[in-house]
Structure formats: C-alpha cells, structure tokens
Amino acid sequence: MPASLCLIIATFLWGSSFIALKYAIAIYDPALVIFLRMLTTLVLALCLWRYVIRFEYHKGDWKYLVGMSLAEPCLYFLFEGHAMEYTSASQAGVIVSCLPIIVALLAFFMLKEYISKAIVIGFTFCIGGSILLTLLSPTSEQAPNPLLGNFLELMAMVCAAFYTISVKHLVARYSPLTLIALQGFSGSLFFAPFLLFIDLPSENQHDLSALLSILYLGSCVTLGGYGLYNYAISKVSVLTAAAYSNLIPIFTLILSAIILGEILTLGQWLSIFVVFIGVMISQRHQELVVDVNEEALSDETLSADTNKRKSVPDASELKG
C-alpha cells in the first residue's frame with residue numbers, strides 16, 4: 001500500500017477518534033476510557049504475536065523505546081483524555097494542525113534537520129490562531145472550559161511530535177506491530193493505577209455506544225491508525241508524514257458537524273483560517289529544503305569535477 005494512502009487513512013481514523021472519545025468520556029472517566037483502550041490494543045496485538053516479535057534490538061534503543069512509550073500513549077492520552085472534557089472535538093482537531101511545525105522544531109534539535117524561516121513564521125501563526133480560537137470560543141456544553149482544554153490538547157501535540165521523532169529512529173529495526181504492542185503494554189501499565197482513584201461504573205451504568213467507542217479507539221484508531229502511520233513513516237520523512245496531520249482537523253470538523261451537530265461561529269472559523277495560513281506557510285519549509293539540498297549537491301558535483309580536472313597533470317608537469 002502506498003505511504004500516502006496509509007497516511008490519509010491514518011489521519012481519517014485519528015480525526016474520528018475525537019468523536020469517539022467525546023462519546024466515551026461522556027459516560028466513563030477518561031482514565032478508565034484510556035485504560036480500556038490500551039488494554040484492547042494490547043490484547044489484539046498479542047493475537048498477532050508472530051508479527052510483534054519481529055525486531056532487532058540495538059544497544060541504546062531502550063532510551064528511544066521508553067521515551068516513545070512515555071510520550072505516547074502515556075502522557076499524550078493523559079493530556080488528550082482530559083482535554084476532551086473541557087473543549088469541543090472540532091477545536092481539538094484544529095489544535096492538531098500545529099503538529100507538523102512542532103515536529104519540524106524537534107527534528108531540528110534532535111535530528112539536526114534543516115529549519116527555515118517559514119517554519120518559524122508558520123509556528124507563530126498556528127500558535128496565534130490556536131490562542132485566538134480559544135479566546136473566541138464561547139463556553140458551551142461541548143466546551144465548558146476551552147482555554148484549559150485547548151492548552152491540554154497542545155501539550156498532547158508536543159508528546160505526539162516526540163513520538164514521531166522516536167518512531168523514525170526505531171522503525172527501521174522494529175515492525176509497526178512491535179511498537180504498537182509496546183504502546184498497548186506501557187499504556188495499560190501506566191493507566192492501571194489511576195483506576196484506584198476513580199469511581200468505577202456499576203453494572204447498570206454501562207452504555208453500549210460508549211463501550212463501542214472504546215472498542216473502536218483501541219482497535220481501529222490505535223492498532224489500525226498507528227500501524228499505518230508507523231509503516232508510512234518508514235517510507236517517508238518525518239516532516240512529510242507530519243504534514244498529513246493537516247487533514248485531521250478537516251476530518252474532525254466534518255464528522256463533528258455530521259455526528260455531534262457542532263456549529264462553529266464566524267470568529268472560530270477566522271481562527272481556523274489563521275491556523276491554516278500558518279500551516280501553508282510552514283509547508284514552504286520542504287520546498288526550501290529541496291532547494292538547499294539541490295544547491296549543495298550541485299556545489300559538491302562542481303567541486304568533484306574541479307578536483308578531477310586538477311588531478312590530471314598539465315603539459316608542463318609532464319615534461320619533467
């Protein structure tokens with residue numbers, strides 16, 4: 001399957017996850033929802049054990065494996081689960097637009113990848129648009145505290161960006177299912193203690209729609225979405241993969257309007273427009289990288305040709 005198609009399907013699944021999560025946390029505590037989601041992923045991954053054990057451990061990989069697991073699912077789902085208590089699914093989807101720029105910044109510091117002025121300007125627009133969206137978003141049943149909710153979602157994006165960088169380092173030696181199984185195990189282990197501090201639902205408090213939403217999150221979104229994403233990121237650069245996350249808010253907005261009946265105000269649409277301007281500006285980063293690489297390649301080729309010519313003795317040198 002082409003990497004681009006994998007990324008499109010993955011972003012659609014992630015866009016739909018905000019809707020499913022909104023349904024689930026309306027009935028159950030976020031900690032319980034995330035624990036059951038991770039447990040579902042772990043059980044399904046264990047059913048595919050022969051694919052899970054396909055990996056080649058290298059010395060020092062444990063740092064990236066632990067960092068990846070801590071960033072996502074542990075901290076990521078902790079932030080996002082509580083974010084959906086305070087903000088709407090559509091607003092959270094827009095905050096996701098900042099992910100490619102955060103990935104670019106982390107790639108600069110961790111992978112020493114080139115970063116341009118377009119990234120800096122785009123980052124400013126995206127953060128500004130997200131703040132504007134928060135300030136212009138009225139308190140409602142879907143978003144009782146958008147300021148807190150959007151901030152928590154932004155922190156979740158920082159965790160997702162770190163996850164992306166870590167996966168890019170590991171995916172050459174670890175199968176996508178191996179990394180997903182590790183996510184399911186670490187997530188289940190991390191969120192299990194939270195169950196001691198919440199009120200667990202009784203038998204007559206269960207809701208079929210919420211349970212199906214949790215099953216969908218653990219199977220389709222985590223196992224399917226992350227599996228496709230991890231496969232695709234082994235074929236393309238982290239910035240290319242992260243750029244596809246721009247589709248997530250589009251899918252979220254469409255699904256929020258269809259399923260949840262959310263209606264955005266003119267000010268919110270203006271904020272979304274500002275965020276997308278930042279995203280479009282930041283996409284020039286890839287063009288600049290290509291131009292710089294081609295220019296560097298041309299310089300290297302020219303230098304090599306010059307050295308070749310210099311390595312051939314001229315007539316005066318042959319006379320001796």
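Modeller: The protein chain has a mean pLDDT of 79, with 81% of its residues at 70 or more. Over residues 308–320, however, the pLDDT is below 50, and that stretch has one contact in the model beyond near neighbours in sequence. Where pLDDT is low, the predicted coordinates should not be read in detail.

Colleague: What is the secondary structure of the protein chain?

Modeller: The chain has 15 helices and zero strands. Of its 320 residues, 48% count as buried. Among contacts between residues at least 6 apart in sequence, 92% join residues at least 24 apart.

Colleague: Which residues of H8 and H10 meet?

Modeller: From H8 come Tyr-163, Thr-164, Val-167 and Lys-168, and they meet Tyr-226, Tyr-229, Asn-230 and Ile-233 of H10. By class, this contact has five nonpolar, two polar and one charged residues.

Colleague: Why does the word oblique also apply to H1 and H12?

Modeller: Helix H1 (residues 3–25) and helix H12 (residues 247–260) pack at an angle of about 40°, with axes 8 Å apart. Roughly parallel would need an angle under 35 degrees, and roughly perpendicular starts at 65. H1 and H12 are therefore oblique. H1 passes H12 in a right-handed crossing. On the H1 side the contact includes Phe-12, Trp-14 and Lys-22, and on the H12 side Phe-251 and Leu-255 are among the residues. The residues of this contact divide into twelve nonpolar, five polar and one charged.

Colleague: Where is Glu-56 found, and what makes Glu-56 partly exposed?

Modeller: Glu-56 is in the loop between helix H3 (49–52) and helix H4 (61–86). Its relative accessible area is 48%. Buried means under 20% and exposed means over 50%, with partly exposed in between. Glu-56, at 48%, is therefore partly exposed.

Colleague: What does Glu-56 touch, not counting residues up to four places away in sequence?

Modeller: Glu-56 touches Asp-61, Arg-173 and Tyr-174. Ser-175 is 119 residues from Glu-56 in sequence, while the C-alpha atoms of the two are 9.3 Å apart in space.

How values were computed
Residues numbered from 1 in each chain as written. Predicted model: local features only at pLDDT ≥ 70, side-chain atom pairs only at ≥ 80, totals over all residues. Heavy atoms only, no water. pLDDT = per-residue confidence, 0-100. Contact = heavy atoms within 4.5 Å. Helix = DSSP H or I, 4+ residues; strand = E, 2+ residues; numbered from the N terminus. Nonpolar A, V, L, I, M, F, W, Y, C, P; charged D, E, K, R; others polar. Buried < 20%, exposed > 50% of the residue type's maximum accessible area, 1.4 Å probe, protein only. Axes fitted to C-alpha atoms, helices over the stretch in contact; angles between N-to-C directions. Parallel < 35°, antiparallel > 145°, perpendicular 65-115°, else oblique. Left-handed = near helix turned anticlockwise from the far one by under 90°.
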